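Hello,

Here is the structure for you to look through. My notes on it follow below.

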Amino acid sequence: MANIREIRERISSIKQILKITNAMYLMSSSKLKKARKSLEDTEPYFYKLQTTIESILEHTPHTRQLYFDRREGIPEDKRKRGYIVITADKGLCGSYNHNVLRFTENELSSLPDLDNVQLFVMGQVGRMYFQNRQRSAKKASVDSEFLYTTQNPTLYRAMEIAQLVLDKFENKELDEVSLIYTDMINSAKFEVKKVQLLPFVRKHVGVAADGTLKKLPKASFLPSPEVVMANLIPNYAKGLIYGAMVEAFCSEQQARMTAMDAATTSAKDMIKDLSLMYNRARQAAITQEITEVCGGAASLGE
């Protein structure tokens, strides 16, 4: 059994860790509430933008727009693919980062050729992971200038990312762009999702259930539907990226809250067990001292 001094030092160190885990839990809770409020404040605008785009597609089913170009003439093994992968900047959040990295690895393993794949990684954990993988083996290329943090997501940051991938798509540096992030379904369940960002997929919104075309009112667009869509789609892409950033950030904070709560509970249990050991050791020491005093007194009496 460890002596009293060692047990006391262990209890003291665990109490210090307990303070840290409890503080991290409270900080993550505060950040989660703030991020959720920001998302709720901006959601109505992007929902309205989405319905506007759908309305334009209903009235102009034959609109030719650059961002809808699927480039079907390019074979699968020659297509240039880009992935925006959102991870965390720090650890101590359970399996959050591991799930995103594993999902991305599975996605990359299903591709015929990784030479035409480019990764845009948000978060220090994912960036370091894929850069190390790129150095050790022939893996997908990681954009070294894509240095965006996942902390405190903003619309301005989402706009810069959207403009970057849109420019690469326009210049035919990329044929497809997908978004990989963690969606928080509820406080206890997270799911890694992949969303296709480019090219945009046109839904058959102008076709009724019986296969006939819907009768829609006449609509006019100035100067043209293509120009209107060219202004709306970048904002819509910004909204998609911003929403994914906020969902990923909320998932990270919720995962960290769960991990820190479990760590706090474990620390309290360890302190309880060590306190019991400390009391037993102290009791044994006191008993030994009493025995020694009684033995000394008996020897003097003789």
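**Notes on the predicted model**

Leaving out its neighbours within four places in sequence, Phe-200 is in contact with Tyr-67, Phe-68, Ile-233, Tyr-236, Ala-237 and Leu-240. Please bear in mind that this is a predicted model.

Phe-200 also belongs to the largest nonpolar core, which has 49 residues. Within this core, Ile-84, Ile-86, Ile-161, Leu-197, Leu-198, Phe-200 and Ile-241 touch the most other members. At least two residues of the core come from each of α1 (4-59), β1, β2 (117-122), α4 (155-170), β4, β5 and α5 (225-301). The largest share, 16 residues, is supplied by α5. As background, nonpolar side chains in soluble globular proteins tend to be buried together.

Next, the strands. Five of them form an open sheet with mixed pairing, in the order β3-β2-β1-β4-β5. The edges are β3 (141-142) and β5 (189-198), each of which pairs on one side only. Inside the sheet, β1 (residues 81-86) runs parallel to β4 (residues 176-186), and the two pair over five bridges. Tyr-83 is opposite Ser-178 of β4.

Not counting residues up to four places away in sequence, Arg-81 touches Glu-76, Leu-111, Asn-116, Val-117, Gln-118, Leu-174 and Glu-176.

Last, the aromatic rings. How many aromatic pairs does a search of the whole structure find? There are four. One of them joins Phe-120 and Phe-146 edge-to-face, with 5.5 Å centre to centre and 70° between the planes. This pair links distant parts of the chain: Phe-120 is in strand β2, Phe-146 is in the loop between β3 and α4, and they are 26 residues apart. Both residues are buried. Together with Tyr-148 they make up one aromatic cluster. Elsewhere, Arg-71 lies over the face of Phe-169, at 4.1 Å from the ring centre.

Regards

Conventions:
Residues numbered from 1 in each chain as written. Predicted model: local features only at pLDDT ≥ 70, side-chain atom pairs only at ≥ 80, totals over all residues. Heavy atoms only, no water. Pairing = 2+ DSSP bridges. Helix = DSSP H or I, 4+ residues; strand = E, 2+ residues; numbered from the N terminus. Core = buried A, V, L, I, M, F, W, Y, C linked by side-chain atoms within 4.5 Å. Buried < 20%, exposed > 50% of the residue type's maximum accessible area, 1.4 Å probe, protein only. Contact = heavy atoms within 4.5 Å. Phe/Tyr/Trp six-rings, centres within 6.5 Å; stacked < 30°, edge-to-face > 60°. Lys NZ or Arg CZ within 6 Å of the ring centre and 35° of its normal.
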